[in-house]
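Please look through the structure shown here, and keep it open while reading. The text goes through its parts one after another.

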Amino acid sequence: MASLFGALQRNWRMINPPTPLPPKAENALRIGILGAANIAPMALINPAKLHPEVIVQAIAARDKTKAAAYAKKHGIPQVLGSYQEILDDPSIDAVYIPLPNGLHFEWALKALAKGKHVLLEKPAFSNAAEAERLLQSPKPQQQPAPVLLEAFHYRFHPAWARFLSFVDQPNIAHATASLNLASMLFAKDDIRFRYDLSGGALMDLTYTMSVLRGVYGTEPEECTSCEVGTMEPPNELCDYKYDGTWRFPNGGTGEMHGTLRGGLVQMLRSLPSVTVTHRAVAVEPHEYAKSPSAAAPTAGQETVRTRTVTLNNYIMPTLWHRIDVVDDFVVRDKTTLEPIRRWSAKQTAKAYTRRDAGLPEDDAAAAAAAASQPSWSTYKHQLDAFVDRIRGRPGTGAWVTAEDTLNQMRMIDMAYSKAGLALRPTSSFDPALAV
Ligand SMILES: NC(=O)C1=CN([C@@H]2O[C@H](COP(=O)(O)OP(=O)(O)OC[C@H]3O[C@@H](n4cnc5c(N)ncnc54)[C@H](OP(=O)(O)O)[C@@H]3O)[C@@H](O)[C@H]2O)C=CC1
Ligand SMILES: O=C1OC[C@@H](O)[C@H](O)[C@H]1O
């Protein structure tokens, strides 16, 4: 009952932050949004209300009337006539780019060339070639370079760090990640199903690959299988679902499942989850002393533990999440490996705040004497990290590096190649024109 009340309060607070909102600092960063996108209120506009150092200053859309209506609805003070006008405005410090994937390269490059910091929606590019080209362009190489962050928001939530604290990376045997969305969420002509805009399920639901890379803490060696379901013509180059497997350097395997056209019941019953199964490892009695059925090994015996960890709802952990840890113990003969006694120990964990995860608070929050709140979304934590990085503060340590972004795009390319589908098209935009 108490946890139901906590969940209701947390989710109410996420959508309706407590007032008065924190006053804005004199030197607050001014952010411009390129495109009146559906995701921007959740990913930036609402989290920015809670951040004393961020003002969402300007919006531009292809159609200025649409931008004006969007600005009015979301309380954005300035409406500019084009995306380029946002980049040309010297009062804008940073931009958020929630454009279709196929436009990320062009507009990120143009924004960086103007010295703007960039919060770039995932997946950052259409393919690895684009990622390499942008990251090797002059601005990202400059010291100090403008900050570029691919918006893998889930990585910034304390639940992710807490989950990883149960994972023993070198000893992972298998990891499986899933993300199933209902078809009712997307029209058939959605940007996700447009090849010319670099759509596709492997692109849009790229989280499963990010999660596999994240749990292993390394890059896959091979995509061992990838089956996709594709849209009807004229969108047949876009996948709407995928099922794939991977091999990682420690010999462990990965598995991913995603669909943009699942059923509503399937979506509600199978929250986005990641499960990591470990190899059996020898453990010392002090590591399982608290386990109720624990039995100490005698001479010539050893205890091994096989751990399985699941993070339920890795994408929207603020709504609700649960970490399940199951440890299967076996006392066995050291020579014959014959099992002598078995037992299991189960625990659950959660982390709605940095404190819950044993993490430091970020500097900005500490300065405002406000510790992280259970109602903070993944996007609020992400925005904190973006601002800390721009300000040169250490933050909490969670980050998506340029190398991460490049490797993520390489993994997507590997999956498309294995599936026998064309890589997403490289932008025809000439980097020399980004000035
Ligand atoms: N982090 C997250 O949780 C999420 C991230 N995303 C990512 O954000 C991006 C946008 O997704 P979403 O908000 O759902 O998409 P929308 O379709 O709502 O927004 C895309 C925006 O792109 C602009 N645009 C510019 N050129 C085109 C074009 N040729 N065709 C269509 N739109 C165009 C439109 O802006 P204009 O107003 O100028 O017309 C539109 O507002 C994607 O990269 C997606 O992967 C999406 C959802 C969740
Ligand atoms: O978080 C997400 O969930 C829905 C997807 O379609 C979206 O693009 C993604 O980022």
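In this predicted model, 32 residues of domain 1 are in contact with 34 residues of domain 2. On the side of domain 1 that touches domain 2, the elements giving two or more residues are α1 (2-15), α13 (378-391) and α14. The largest share of that side comes from α14, with nine residues. Sorted by class, the side of domain 1 that touches domain 2 has 17 nonpolar, 11 polar and four charged residues.

Domain 1 covers 2-154 + 377-433, and domain 2 covers 156-349. Domain 1 is therefore written as two stretches, because the chain is divided in this way by a domain assignment. Taken over C-alpha atoms, the centres of domain 1 and domain 2 are separated by 27 Å.

How do α10 and α14 pack, and at what angle? Helix α10 (residues 207-216) packs with α14 at an angle of about 120°, and the axes of the two are 10 Å apart. The crossing in which α10 passes α14 is right-handed. From α10, the residues Met 209, Ser 210 and Arg 213 meet Asn 407, Gln 408, Met 411 and Ile 412 in α14. By class, this contact of α10 with α14 has three nonpolar, three polar and one charged residues.

Helix α14 also meets α6. The axes of helix α6 (residues 128-135) and helix α14 (residues 402-419) come within 8 Å, and they cross at roughly 160°. Angles over 145 degrees count as roughly antiparallel, and α6 and α14 are therefore roughly antiparallel to each other. The crossing of α6 and α14 is left-handed. On the α6 side, the contact is made by Ala 128, Ala 131, Glu 132 and Leu 135. On the α14 side, Ala 402, Thr 405, Leu 406, Met 409, Arg 410 and Asp 413 make the contact. The residues of the contact of α6 with α14 divide into six nonpolar, one polar and three charged.

The next topic is the ligand. Which residues come nearest to ligand 1? There are 21 residues around ligand 1, and of these Gly 35, Ala 36, Ala 37, Asn 38 and Ala 61 come nearest. The shell around ligand 1 draws at least three residues from each of domain 1 and domain 2. By class, the residues of this shell divide into 12 nonpolar, four polar and five charged.

Some details of the backbone remain. Where is Pro 123 placed? Pro 123 is in the loop between β5 (117-120) and α6, and the peptide bond from Lys 122 to Pro 123 is cis, with omega near -15°. Another cis peptide bond joins Pro 233 and Pro 234, and its omega is about 10°. Pro 234 is placed in the loop between β8 (222-230) and β9 (239-247). Finally, Ser 198 lies in the loop between β7 (172-182) and α9 (201-204). Although Ser 198 is not a glycine, Ser 198 has a positive phi of about 60°.

Notes:
Residues numbered from 1 in each chain as written. Chains lettered and ligands numbered in written order. Predicted model: local features only at pLDDT ≥ 70, side-chain atom pairs only at ≥ 80, totals over all residues. Axes fitted to C-alpha atoms, helices over the stretch in contact; angles between N-to-C directions. Helix = DSSP H or I, 4+ residues; strand = E, 2+ residues; numbered from the N terminus. Parallel < 35°, antiparallel > 145°, perpendicular 65-115°, else oblique. Left-handed = near helix turned anticlockwise from the far one by under 90°. Contact = placed C-beta atoms within 7 Å. Nonpolar A, V, L, I, M, F, W, Y, C, P; charged D, E, K, R; others polar. Near = placed C-beta within 6 Å.
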